[in-house]
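Here is a short report on a structure. Read it with the model open.

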Amino acid sequence: MLELREVTKNYGGLRSLDSVNLHAEAEMITGLIGPNGAGKTTMINCISGLDHPTSGEIIFDGHSIERTPAHRITGYGLARTYQNIRLFNQMSVLENLIVAQHSDGRATLVEALFFLPSHLREYRQQRERAFELLERFHLMNVKDAPAGSLPYGDQRRLEMARALATNPKMILLDEPTAGMNPIETHELGEHILQMKEDGLTILVIEHDMSLISQVCDEVYVLNFGVIIANDTVENIKQNEEVIVAYLGRED
Amino acid sequence: MEFIFDLLTPYGITENTFQNMLIAAILGISIYITLYAGLFSLANAGFMATGAYVSVILTTRYEWDFLLAVGAGIIAAGLISAIISVPVLRLSDIYLAIATIGFGEILVVLLRNFDRIYELIVNKEETITGGATGIKGIPVITTTEYLLLYLGIVVFLMVRLHRSRFGRALVAIRQDNKVAANMGINVVYYQNMAFILGAMIAGGAGALHGHLNRIILPENYGFDRAVDILTFAVLGGTTTIIGPIVGGFIIAYLPEILRRTDLVGLLGDIFGTDLGRYQANVRDMTVGMILLGVIVFLPQGIASPAMWRRVANRIWNLFNPAEKSDA
Ligand SMILES: Nc1ncnc2c1ncn2[C@@H]1O[C@H](COP(=O)(O)OP(=O)(O)O)[C@@H](O)[C@H]1O
Ligand SMILES: [Mg+2]
């Protein structure tokens, strides 16, 4: 579904990603772990089009996307969340979920101006889809509140719901449980497993090994921009190099 | 219309003042739409000039029908904005503001020297823009009804825009353009469209303004005008469409308030001299002071619904001390 070939990203003299090869199998959950500053977020930015790699190829669902603008990548069916939550804070929860369905919409300003039925129908459909997501992520009772006013855990779930609202084939989650307690983390893991069941491909970045163990089929380990291991969760936990680079150090 | 002025003239709002207020409101909306898309552009004075000159030349030189000429002014402003949007909208924030001021100044210089340039190219002397002395003897065709109609159309457009896929995309872009892109929104396209829409609204205001005063001059549409337009939006606020309208109304009405309260005379008494010839400066200073107050105390603008709700709540609580506010 997603493949990175020899992806390198330089920021000035700093090499954040160094010849990274990664393959995320369709309808599987791939984990990406690594210490702070390893280049995990950089990788997600390059895949989602917020940034572009210095060299290398990124192929998503048959499209070469390393130079494609972000909005078109979303149109191909790739969605993401952010390590530091980035909701549209002044919009309501419901509006966040409606604006995320932009790519699926067709209605033009002219249709809106003349109240054409096509415009109204589209809006009604988008509202219905938003309500399904509100239900699923337990956000129905806050649907009219500004997104910025929600408690932290709700914001995390809204980000995930909003990513799903773009109707993706694959979703990239950047530390989705950062700042959550173990119970919330486990509950979020259940949401992630549900997405896999629904046929989505998932790439999840995490610090929390319990979540990785709970959901991942395969794990990549990134250290100083280099992939140092790629294996099943069980094997990764035994890997000497990984233990030295990452697991041995608690943070 | 007459009955409106019967109501308004006691407050010093003559037909002419009212017309200026309407134009200011429309111009306020023209910058509101670009701010709505997260663009800090000061180009709308230039687009107003485009609309004014194009439509006036068409009605006076080529005897076009007035409404057709206004339409042509709107389209001309749209075309020019589409062309300059390509280089200019790559810039953001203060850089965009500076580049758009530059555009406005270039346009003013161009209008001043248009006839000379024309003569150089075509080798024929002709008065088209009339240089620094402008175009004179323009028929006064614009009426209050036309202005009200145009304001109505523009407000309707904005209200519908607000409730459309287009408008939601703009709001998303203003809040976080990177995330908006990740939501599938083509940021460049929508910002261009907002820029062009704002230009067309300003172009129409210019066309109507051009047929209001018998004369148009390049400096009617220079830097001062660009700042004025921004002032309408900042004073009124940009959270809703009401903001730029209220802002435009207040600032266009202000000279009248100053005249009626005789602020200049009052200041003159305080300083012991006659400040009569500083009338315009006093107006600018007052606008400046009001703006400063608004930016410091009402950053959302005078017409911010949230602020008025707070004020209403506070007054309500004042008269109902038993019920403690639980907000
Ligand atoms: N936009 C940027 N400009 C310059 N350096 C950056 C940028 N983004 C990330 N970096 C650098 O790249 C390295 C990897 O960062 P990041 O991808 O955020 O790591 P992680 O998400 O694994 O903690 C860090 O050294 C960081 O400072
Ligand atoms: Mg990170």
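Phe103(B) is buried, with a relative accessible area of 12%. Buried means under 20% relative accessible area, exposed means over 50%, and partly exposed is in between, with a 1.4 Å probe and protein chains only. This is a predicted model: local features need pLDDT of at least 70, side-chain atom pairs count only at pLDDT 80 or more, and totals for chains, interfaces and linings use all residues. Residues are numbered from 1 along each chain as its sequence is written, chains are lettered from A and ligands numbered from 1 in the order in which they are written, and side-chain values use heavy atoms, with hydrogens and water left out.

**Aromatic pairs in chain B**

Rings of Phe, Tyr and Trp (its six-membered ring) pair if their centres lie within 6.5 Å; planes under 30 degrees apart count as stacked, over 60 as edge-to-face and the rest as tilted. By this rule there are 8 aromatic pairs over all chains. Two of them are described here.

The rings of Tyr32(B) and Tyr36(B) have planes at 55° and centres 5.5 Å apart, so this pair is tilted. Both tyrosines, Tyr32(B) and Tyr36(B), are buried. They sit 4 residues apart in helix α2 of chain B, about one helical turn. Helices (H or I, at least four residues) and strands (E, at least two) are DSSP runs, numbered from the N terminus.

Phe103(B) pairs with Phe47(B): the ring centres are 5.2 Å apart and the planes are at 40°, so this pair is tilted as well. Phe47(B) lies in helix α3 (residues 44-60) of chain B and Phe103(B) in helix α5 (residues 93-122) of chain B, so the pair ties together parts 56 residues apart in sequence. Phe47(B) is buried, with a relative accessible area of 0%. Ring pairs also bring in Phe195(B), giving a cluster of Phe47(B), Phe103(B) and Phe195(B).

**Helix α2 of chain B**

Helix α2(B) covers residues 15-36, 22 residues in total. From first C-alpha to last, α2(B) reaches 31 Å, close to the 32 Å expected at 1.5 Å a residue. The expected span is 1.5 Å times one less than the number of residues. Of the 22 residues of α2(B), 19 are buried, so the helix is largely enclosed by the rest of the structure. Gly38(B) follows α2(B) and has a positive phi, near 75°.

**Ligand 1**

The residues around ligand 1 include Tyr11(A), Pro35(A), Lys40(A) and Gln83(A). A residue is near a molecule if one of its heavy atoms lies within 4 Å of it. By class, this shell around ligand 1 has 4 nonpolar, 7 polar and 1 charged residues. The largest share, 3 residues, comes from α1(A). Polar contacts are pairs of N or O atoms within 3.5 Å.

| Residue | Atom of the residue | Distance to an oxygen atom of ligand 1 |
|---|---|---|
| Lys40(A) | polar backbone atom | 2.8 Å |
| Thr41(A) | N or O atom in the side chain | 2.7 Å |
| Thr42(A) | polar side-chain atom | 2.6 Å |

Taken alone, ligand 1 exposes 560 Å², and the protein buries 59% of that. Accessible areas come from the Shrake-Rupley method with a 1.4 Å probe.

**Two exposed residues**

Gly137(B) is exposed, with a relative accessible area of 60%. Gly137(B) is in the loop between α5 and α6 (144-162) of chain B. Val244(A) is exposed too, at 67% relative accessible area. Val244(A) belongs to helix α10 (residues 240-247) of chain A.

Technical notes:
A polar contact is a pair of N or O atoms within 3.5 Å; within protein, one must be able to donate a hydrogen and the other to accept it, and residues adjacent in sequence count only if both atoms are side-chain atoms. Ala, Val, Leu, Ile, Met, Phe, Trp, Tyr, Cys and Pro count as nonpolar, Asp, Glu, Lys and Arg as charged, and the others, Gly among them, as polar.
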